[in-house]
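I opened my notebook today to look through a new structure, one feature at a time. Here is what I looked up, in the order I went.

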Amino acid sequence: MNLPPVHRIIHLALCTGPLAFLVVAHFTGPKNQTDPTIPYAAAALGCMAAGFAFFALRLFYKPVSREFADNVPAYFTAKVIQWSMVEGAALFNGVAYFLTGMELSAGFSVALLLVLFYLRPLESEVSGEK
């Protein structure tokens, strides 16, 4: 069986938001704050979010039956939790870049976006194979 296309659409929407903000922040923004506290806090949050993302599916999703269709709602809920944690951290790093202009924040935001793209919905995860 296949996952509903809405799963991929929501995943791409969650990936697009921080990416669009990062592009806009690169060309605009004050970038005049000199305190490095925000970028370092955002980087630390990004590290924790990336680590959490790789364990979130194991924490929040257990197949409820052998039927693919029965497992899809619980799988989607677990994936939304996983995606939202990484998306929030990527967006926070984008805001830190917007405020300070530190490339550290932009780099963490891009790295978190790559993690978010990697965490796409997969049929094999629904059945518990991966």
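The entries below go through a helix, the cysteines, a surface patch and the salt bridges.

**Entry 1: helix α1.** I kept in mind that this is a predicted model. I began with α1, which runs over residues 5–27. Its 23 residues should span 33 Å at 1.5 Å a residue, and I found the end C-alpha atoms 33 Å apart, so the two agree. Next I looked for its buried residues and noted His7, His11, Leu14, Cys15, Pro18, Leu22 and Ala25. The cover over them includes α3 (68–100) and α4 (103–118). Just past the end of α1, I saw that Gly29 has a positive phi of about 100°.

**Entry 2: the cysteines.** How many disulfides are there in the whole structure? My search came back with 0. I wanted to know why, and started from Cys15. The closest cysteine sulfur to its own belongs to Cys47 and is 19 Å away, which is too far for a bond; the cut-off I needed here is 2.5 Å between the sulfurs. Cys47 is likewise in no disulfide. I also checked how accessible each one is. Cys15 is buried, with 0% relative accessible area, whereas Cys47 is partly exposed at 47%.

**Entry 3: a nonpolar patch.** On the surface I came across a nonpolar patch made of Phe54, Phe55, Leu59, Phe60, Ile81 and Tyr118. Together they have about 610 Å² of accessible area. Which helix gives the most to the patch? It is α2 (residues 37–60), with 4 residues.

**Entry 4: salt bridges.** I searched the whole structure and found 2 salt bridges. In one, the side chains of Arg8 and Glu123 meet at 3.3 Å, N to O. Arg8 is in α1 and Glu123 is in α5 (residues 123–126), so this pair ties together parts 115 residues apart in sequence. Both ends are partly exposed: I noted 36% relative accessible area for Arg8 and 24% for Glu123.

Then I turned to the salt bridge between the side chains of Glu125 and Lys79, also listed at 3.3 Å, N to O. This pair links distant parts of the chain, with Glu125 in α5 and Lys79 in α3, 46 residues apart. Are Glu125 and Lys79 buried or exposed? I found both of them buried.

Note on methods
Residues numbered from 1 in each chain as written. Predicted model: local features only at pLDDT ≥ 70, side-chain atom pairs only at ≥ 80, totals over all residues. Heavy atoms only, no water. Helix = DSSP H or I, 4+ residues; strand = E, 2+ residues; numbered from the N terminus. Expected span 1.5 Å × (residues − 1). Buried < 20%, exposed > 50% of the residue type's maximum accessible area, 1.4 Å probe, protein only. Contact = heavy atoms within 4.5 Å. Patch = residues over 30% accessible without salt bridge, like charges linked within 9 Å, V, L, I, M, F, W, Y side chains within 5 Å. Areas by Shrake-Rupley, 256 points an atom, 1.4 Å probe, with all protein chains shown as cover. Salt bridge = Lys/Arg side-chain N within 4 Å of Asp/Glu carboxyl O.
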